[in-house]
Amino acid sequence: MVTIMKSALFLDFDNFFSGLMSADPTSAMELAKSPSRWLHKLRTMYADGDERRWLVLRCYMNPAGSLPDPGKPGERVYFSKLRPFFTQAGVEVVDCPALTKGSKNGADIRIVIDVMTALSSNTRYDEFVLASADADFTPLLQVLRADDRRITVIATSSTATAYESLADRFLDEQDIFELSSMDPETDAEINDDQIARELDGHAPPTVDLGSVLKAKTGYDDFAREVRSIYSKANDPINLARLSSDLKAASGAGLEDGTWYGARTFVRALQMLELPNAQFSQYHLWDPTRHIEPPASMSAPRPALPATVMHFSEVTGMPTLSSSHWPVVFETLATYAAMHVFNFTEASKWSRDQVAGQGLEIPRRAFSFVVRACRDGGANLNADPSPDAAAIARAFFISVLRQAELAGLEVDESEKQELAAWLHCDSGES
């Protein structure tokens, strides 16, 4: 049974939008001009099976704020031009101008006051959604957690690990870009974390989706193709590759990005009731025909050296084996050289490329590196694009910076050990 959550959203626009612009300017502008699209999708997505009812939708914006327009050198994107899109979406826009010359806008204190006011109101909000990467809000999250409220944080740029850890649900720029996108391929994309949650002791939806699915144009073709692939498969089927292969033949059923009404790819497959079908986070297989189950095919979490594990725990650095890091850097460099940069596609394309080589590297690992490279001085949308060595070096620098911000004291030997694990030049850090 779906539970309706009483939710309140507080969006620090300057922080939120600047992070998106830094990640992918084109997608950021599309998102800012259509907030109703991703807010509507957020009602049901990333809600652990529940549904949000937005009781508060509030955006805090500096009316005089602006950012350089990357597509038009010398020009700027003024926040005030984007204000109407939020008001038309039913969002209350709170003007937060800088109180003194050269100072930050007053959004931070306004958000804290409004959240605390909501916390003590007669309405008991089940969830507080805070869209900001500003770790100064950490004490505020501690107050919300102590009052037993669900916390969702949306951070579109790097933030402190402690801040992220306080959230029950943490979303980054990739999640928001995917919510905003109208591209069925993006909307229907497999999310590794989502698959894991669906398969972690949760049965397929009890509602009768059969009639919903069959009513969708192209569903019969989809079902026929899946059954054919499944019956002919000699080995476990990689879910990511299967979804990509099916999209070309999916027809109108994916125009709304819901996999024929099932909402996720895995659920659509489950509704087909394939004989003996078993699922893991990465694979679909028939244990009566396939000798090796996917669990043993997926790379286990590598045993990391103590120093590397410490960096991972403090900064959130993905726990990949040392041999996988050069593959990540080379694959991202290849993507940047071959494509017009798109944040969402960069991680998806890279994940699919290495899957084709038989490697299971989570998509989130590629996203983490893209974000870290931006912070480390090797933005993948630069012209010319960075090579693998530059990406590795920028990632190394970013991890060290995040460790330092987290209060981790790192000596030279530990820097060298991290550089060796990443197969990069430590240089002058």
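Reply: Happy to! First, a term we will need: contact means heavy atoms within 4.5 Å. Also keep in mind that this is a predicted model.

Me: How much of the protein chain counts as buried?

Reply: A residue counts as buried when its relative accessible area is under 20%. The protein chain has 429 residues, and the buried part is 52%.

Me: Thanks! Which strands are at the edges of the open sheet?

Reply: The open sheet has six strands, paired in parallel, and their order is β5-β2-β1-β6-β7-β8. An edge strand pairs on one side only, which holds for residues 92-95 and 169-171. From one strand to the next, the twist averages 20°. The edge strands are β5 and β8.

Me: Which residue in β7 is the bridge partner of Glu 127?

Reply: Strand β6 covers residues 127-131 and strand β7 covers residues 150-154. The two pair in the parallel sense over five bridges. For Glu 127, the bridge partner in β7 is Arg 150.

Me: What angle does the direction of helix α6 make with that of β7?

Reply: Helix α6 spans residues 138-146 and packs on the sheet, where it touches β6 and β7. Taking N-to-C directions, the angle between helix α6 and β7 is about 155°.

How values were computed. Residues numbered from 1 in each chain as written. Predicted model: local features only at pLDDT ≥ 70, side-chain atom pairs only at ≥ 80, totals over all residues. Heavy atoms only, no water. Pairing = 2+ DSSP bridges. Helix = DSSP H or I, 4+ residues; strand = E, 2+ residues; numbered from the N terminus. Axes fitted to C-alpha atoms, helices over the stretch in contact; angles between N-to-C directions. Buried < 20%, exposed > 50% of the residue type's maximum accessible area, 1.4 Å probe, protein only.
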